[in-house]
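Here are some notes to read alongside the structure. Take the points one at a time, and keep the 3D view open so that you can find each residue as it comes up.

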Amino acid sequence: MQVNNPPTIDTTNPIMSSLCPFAKLASAGATCPVKSSSDNKTTINHTDDDDDDNEKTGNANTDPRVVPPKCPFGYDSNTFKLGPLSCMVCHALLHQSSKCTPCSHKFCKACILRFKDCPLCGADIQGIEPDDELQGLVDRFIDGHARIKRSHAAGDGEATSDNKTKVIYEDVSMERGAFLVQQAMRQAFRAQNIESAKSRLSMCAQDIREELKSKQDNQELCSQLGAVLGMLGDCCRTLGDAPSAITYYEESAEFLSKLPKKDLELVHTLSVSLNKIGDLRYYDGDLHSARSYYARSLDVRRSAAKEHLAVASQVIDVATSLAKVADVDRNLGNESMAFEGFEEAIKCLENLKLESGEASLEQRRLSVLDFLQKQLDDK
């Protein structure tokens with residue numbers, strides 16, 4: 001049986017989600033703790049927003065035992081500027097640092113391989129050599145960056161053998177994760193340096209796994225790991241490694257499925273991971289498996305839509321999943337089931353009323369609706 005391409009109506013970025021899995025830790029407003037102020041300067045927030053508020057109101061923490069985190073390599077903790085450890089193509093930290101000859105300018109290997117002339121000076125590139133010494137410095141910088149952790153709970157200081165009070169460092173371990181995700185997304189989106197993005201995300205995932213060894217039931221960590229694993233799946237998918245992509249997506253779904261489905265970002269990440277597994281199974285010709293994953297994603301989205309009736313994006317997500325399941329049903333020869341699915345999805349979208357300021361959602365609604373109507377026209 002001929003298998004058509006799966007419906008391409010899910011507007012999720014094919015490389016990776018732009019949602020930061022560490023956003024919830026930044027503030028009650030759920031803004032990403034890593035913010036880009038311009039192409040040449042990236043602010044990295046190393047302290048909680050509560051600390052910033054305290055400073056503004058003159059109520060800063062005056063506990064002498066608490067020391068704000070400092071970058072172990074002497075970099076300013078609050079700003080990260082492009083410099084000798086950065087690639088001027090992707091504007092992220094160097095990965096597989098390589099030197100052009102004869103000009104000696106240095107870039108990520110994957111970035112510079114696409115050029116015949118040096119992007120900085122315009123000189124002909126006669127050769128590319130690895131710079132292991134510089135890469136070693138970059139790796140040590142990443143390994144040490146924002147890794148200061150609270151050694152014990154805040155409270156009365158413990159006396160050491162020389163009767164000095166132990167210093168309690170602020171816990172900024174999750175800022176390292178946000179930092180790594182930011183680097184990966186810069187490399188993936190700006191320069192398509194997917195191997196480098198995968199490397200950074202793998203480090204981030206390993207950090208979270210280590211944290212989970214002592215905090216197995218921590219929902220925030222499970223949510224972050226699920227999101228990062230989904231991004232790793234995107235990297236593998238882009239690199240053409242479908243088996244590894246499926247493995248990452250399945251592990252992502254496993255972690256996210258265990259969490260309460262009250263968070264819409266979590267629901268979206270889970271349903272997208274399930275859909276992506278379905279897509280890969282579809283491309284491989286395994287229609288029954290593809291339908292199973294699409295149906296799981298549909299169930300997740302239906303439940304979310306019931307809890308959040310006023311959220312238009314949830315209705316569009318449900319319609320998208322209905323279209324995917326119906327498309328597989330049609331390929332499996334179940335025309336009546338496919339017709340019912342398409343009809344239900346159309347009804348969902350036609351009944352959806354959007355505000356004038358929701359132009360992007362309206363565009364997405366019309367795109368999915370157009371796809372569905374074409375499916376019925378082809379009946």
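**Notes on the model**

1. Let us begin with an overview. The protein chain has twelve helices and eight strands. Please keep in mind that this is a predicted model. Of the chain's 379 residues, 45% count as buried. If you take the contacts between residues at least 6 apart in sequence, 63% of them join residues at least 24 apart.

2. Next, a stretch that carries a label. In an unreviewed UniProt entry, the annotation "domain: RING-type" covers residues 87-121. In the model, that stretch is 11% helix and 23% strand. Its end C-alpha atoms lie 14 Å apart.

3. Three strands form an open sheet in the order β6-β5-β7, and the pairing is antiparallel. β6 and β7 stand at the edges with a single partner strand each, so one side of each has no neighbour in the sheet. On average, and ignoring direction, neighbouring strands here are turned by 40° against each other. As a reminder, strands of a sheet pair through backbone hydrogen bonds, in either a parallel or an antiparallel way.

4. How do the strands of this sheet pair up in detail? β5 (residues 97-101) and β6 (residues 106-108) are antiparallel and share three bridges. β5 also pairs with β7 (residues 127-130), again in the antiparallel sense, over four bridges.

5. The loop between β5 and β6 deserves a careful look. The hairpin of these strands has four residues between them. P102 sits in this loop, and a cis peptide bond joins T101 and P102, with omega at about 10°. S104 is in the loop between β5 and β6 as well. Its phi is near 70°, which is a positive value in a residue other than glycine. Is S104 buried, exposed or partly exposed? With a relative accessible area of 38%, S104 is partly exposed.

6. Another residue to check is Q96, in the loop between β4 (79-81) and β5. The phi of Q96 is near 55°, a positive value in a residue that is not glycine. Q96 is partly exposed, and its relative accessible area is 43%.

7. Turn now to the nonpolar cores. Which residues of the largest nonpolar core touch the most other members? Among its 57 residues, they are C87 and L201. Helix α6 (residues 219-238) gives the largest share of this core, with nine residues. Another core, of 28 residues, lies apart from it, and includes A290, V315, A326 and L361.

8. Setting aside its neighbours within four places in sequence, C87 is in contact with A92, L94, F107, C108 and C111. Just after α8 comes G285, with a positive phi of about 90°.

Key:
Residues are numbered from 1 along each chain as its sequence is written. This is a predicted model: local features need pLDDT of at least 70, side-chain atom pairs count only at pLDDT 80 or more; totals for chains, interfaces and linings use all residues. Side-chain values use heavy atoms; hydrogens and water are left out. Helices (H or I, at least four residues) and strands (E, at least two) are DSSP runs, numbered from the N terminus. UniProt positions are given in the numbering used here, feature names are shortened, and annotations may be inferred rather than shown by experiment. A nonpolar core is a set of buried Ala, Val, Leu, Ile, Met, Phe, Trp, Tyr and Cys residues joined through side-chain atoms within 4.5 Å. Buried means under 20% relative accessible area, exposed over 50%, partly exposed in between (1.4 Å probe, protein chains only). Contact means heavy atoms within 4.5 Å. Two strands pair if DSSP finds at least two bridges between them. Axes are lines fitted to C-alpha atoms, for helices over the stretch in contact, and angles run from 0 to 180 degrees between N-to-C directions.
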